[in-house]
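This report describes the fold of one protein and the surroundings of its ligand. The sequence and structure come next.

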Amino acid sequence: MAHDKIKKHRFHGRRKGKTLTAHRKAVLADMLPRYRCIIDDLSFNQETWLEIGFGNGEFLSHMCQNNSDIQFIGCEPFVNGVAALLASLKSSVDNLKIWNDDARILIDEMPDRCVDRIYLLNPDPWPKTRHAKRRFIQTDTLDDLARLLKPGGQFIMSTDVKDLANWMHVHTFNHSAFEWTATSQADWLSPPDDWPLEKTRYMKKALGGETIYWLKFRRK
Ligand SMILES: C[S@@+](CC[C@H](N)C(=O)[O-])C[C@H]1O[C@@H](n2cnc3c(N)ncnc32)[C@H](O)[C@@H]1O
């Protein structure tokens with residue numbers, strides 16, 4: 001365990017959605033054992049990118065199938081999303097690990113400076129003030145992400161919800177381990193240079209409007 005203090009995490013999202021079709025159930029049963037992330041088996045002797053809350057996995061699926069030299073670890077407690085990701089793989093890959101639970105449980109177990117990039121795309125906005133503590137970005141989760149990232153590593157976030165964009169920006173900007181990489185006022189309207197997709201399914205049905213805000217930070 002990377003920390004000496006055991007933390008408790010309360011997960012407020014959904015773990016299951018609509019009943020899975022027989023095909024998706026079979027996909028999970030056949031494929032998840034191969035891709036499941038087992039903490040004790042993890043090794044970090046290659047470039048590693050972590051995605052927190054991959055949803056249906058469009059981004060992760062594209063990335064792991066097109067970057068065979070990078071190890072991808074995807075975290076998603078929602079089992080229907082895990083099944084969707086697995087079903088989208090055109091053939092088997094050797095560079096994908098799936099953590100089907102709260103990302104924070106895995107993060108607590110990961111060693112310092114093991115990850116080159118972290119993606120947090122469209123996290124749940126929890127718009128009510130009394131629910132703001134449920135947002136993924138908090139000072140203590142930023143401490144944990146800072147611990148995982150190698151110096152110079154990238155931390156990329158997006159959201160279509162302006163209040164959440166502000167929240168994520170203020171918290172990360174004020175955190176001493178991160179620097180905002182923006183070079184222009186309009187930076188937060190552009191995806192990273194190597195962003196490969198038009199939009200994820202979530203981005204297409206974005207509730208907050210057409211604009212996707214991008215927040216691109218670097219670990220100091
Ligand atoms: C609004 S969806 C966005 C999904 C995807 N990133 C996209 O852009 O299409 C947010 C996702 O984060 C997941 N999530 C929420 N809290 C999480 C946590 N603590 N660890 C891992 N995933 C989490 C949810 O289950 C959900 O699938």
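## The sheet

Seven strands form an open sheet in the order β3-β2-β1-β4-β5-β7-β6, with mixed pairing. β3 (96-99) and β6 (178-180) stand at the edges with a single partner strand each, so one side of each is left without a neighbour in the sheet. From one strand to the next, the twist averages 20°.

The model is predicted: local features need pLDDT of at least 70, side-chain atom pairs count only at pLDDT 80 or more, and totals for chains, interfaces and linings use all residues. Residues are numbered from 1 along each chain as its sequence is written. Helices (H or I, at least four residues) and strands (E, at least two) are DSSP runs, numbered from the N terminus. Two strands count as paired if DSSP finds at least two bridges between them. Axes are lines fitted to C-alpha atoms, for helices over the stretch in contact, and angles run from 0 to 180 degrees between N-to-C directions.

## Strand pairs

β4 (residues 115-121) and β5 (residues 149-159) are parallel, paired over six bridges. Val115 stands opposite Leu149 in β5. Between these strands the chain passes through helix α5 (residues 139-148), and this β-α-β crossover is right-handed (with the strands pointing away from the viewer, the path from the first strand over the helix to the second runs clockwise).

β5 also pairs with β7 (residues 213-219), in the antiparallel sense and over six bridges. Here Met157 stands opposite Leu215 in β7. β7 in turn runs antiparallel to β6, to which three bridges join it; Trp180 has Phe217 of β7 as its bridge partner.

## Helices and overall form

There are seven helices and seven strands in the protein, and along the sequence they follow the pattern α-β-α-β-α-β-α-β-α-β-α-β-α-β. The radius of gyration is 17 Å, close to the 17 Å that the globule rule gives for 220 residues, so the protein is as compact as a globular protein of that length. This radius is taken over C-alpha atoms, and the rule is 2.2 Å times the number of residues to the power 0.38.

Helix α2 (residues 58-66) lies across β1 (48-52), β2 (71-75), β3 and β4, and runs at about 165° to β2. Contact between two residues means that their C-beta atoms, placed from the backbone, lie within 7 Å.

## Around the ligand

Which residues come nearest to the ligand? Of the 23 residues around the ligand, these are Gly53, Gly55, Ala103, Thr200 and Tyr202 (a residue is near if its C-beta atom, placed from the backbone, lies within 6 Å). The elements that give two or more residues to this shell are α4 (103-109) and α7 (201-204); α7 gives the most, with three residues.
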